Amino acid sequence: MGAPVCLEYRIEGNDFMVAGAASNNIKNTLKMLGIASDVCRRVAIITYEAEINLVIHAGGGTLQAMISEDHVDLVVKDEGPGIADISKAMIAGYSTATEQAREMGFGAGMGLPNIKRNSDTFEIESEVGKGTTLRSTVFFNKN
């Protein structure tokens, strides 16, 4: 592949009309680079869930994908309200989504659990009132 491919997207909060566009672009880039479809699917799930979290909870933020020879590193940052209890937020079904988001079919509380399940490495840091940073890596040839 040569030099890493770096993609960065600014995601706006509450902009449900374009939510998912960045994750779709990342998935399509991986496909064009010949990455296996199961890896593309896992990365698409991670980036979509992260993108929706930025739209629903964080007031927006950035989504970065650094695609290397054997893996993709994903970094999601926001300056939103932060997550008061990360262990609680990691429980499937737990959600702080607004009624508006729920009415549109979002806010099932599966975002962070889905991100972790599809990541080979996963870490999340958050400070209330300052924001959240999520890091995920997916290896292309997991042995």
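Hi everyone, and a quick word on ground rules. Residues are numbered from 1 along each chain as its sequence is written, and side-chain values use heavy atoms, with hydrogens and water left out. Since this is a predicted model, local features need pLDDT of at least 70 and side-chain atom pairs count only at pLDDT 80 or more, while totals for chains, interfaces and linings use all residues.

Let's start with the sheet. Helices (H or I, at least four residues) and strands (E, at least two) are DSSP runs, numbered from the N terminus. Two strands pair if DSSP finds at least two bridges between them. What is the order of the strands in the open sheet? Its 5 strands run β1-β2-β3-β5-β4, with antiparallel pairing. β1 and β4 are at the edges with a single partner strand each, so one side of each has no neighbour in the sheet. On average, neighbouring strands are turned by 10° against each other, direction ignored. For angles here, axes are lines fitted to C-alpha atoms, for helices over the stretch in contact, and the values run from 0 to 180 degrees between N-to-C directions.

Now let's walk across the sheet. β2 and β3 pair in the antiparallel sense over 6 bridges, and they form a hairpin with 3 residues between them. Within this pair, Q64 has V75 of β3 as its bridge partner. V75 also stands opposite R135 in β5, where β3 and β5 pair in the antiparallel sense over 8 bridges. R135 is in turn the bridge partner of E123. That takes us to β4 and β5, antiparallel over 7 bridges, with E125 and T133 as another of the bridged pairs. β4 and β5 make a hairpin too, with 3 residues between them, and G129 in the turn has a positive phi of about 85°.

How well covered is β3? Mostly: 6 of its 8 residues are buried, where buried means under 20% relative accessible area, exposed over 50% and partly exposed in between, with a 1.4 Å probe and protein chains only. Leaving aside neighbours within four places in sequence, S136 is in contact (heavy atoms within 4.5 Å) with I46, V72, D73, L74, S119 and T121.

Which residues of α1 meet α2? A21, A22, S23, I26, K27, L30 and K31 do, and they meet C40, V43, A44, T47, Y48 and E51. As a reminder, an α-helix has 3.6 residues a turn, so residues three or four places apart point the same way.

Several of those names come back in the core. A nonpolar core is a set of buried Ala, Val, Leu, Ile, Met, Phe, Trp, Tyr and Cys residues joined through side-chain atoms within 4.5 Å. The largest one has 33 residues, and I11, I26, L30, V43, V72 and F140 have the most contacts inside it. Elements that each supply at least two residues include α1, α2, β1 and α5, and α2 gives the most, with 10. Beyond residues up to four places away in sequence, L30 touches I35, C40, V43, I67 and F140.

Last, two loop residues. N14 is in the loop between β1 and α1, is exposed with a relative accessible area of 52%, and has a positive phi of about 60° although it is not a glycine. For context, most residues other than glycine have a negative phi. G93 is in the loop between α3 and α4 and counts as partly exposed at 47% relative accessibility. Its C-alpha atom is 5.8 Å from that of A108, 15 residues apart along the chain. Beyond four places in sequence, G93 is in contact with A108, G109 and M110.
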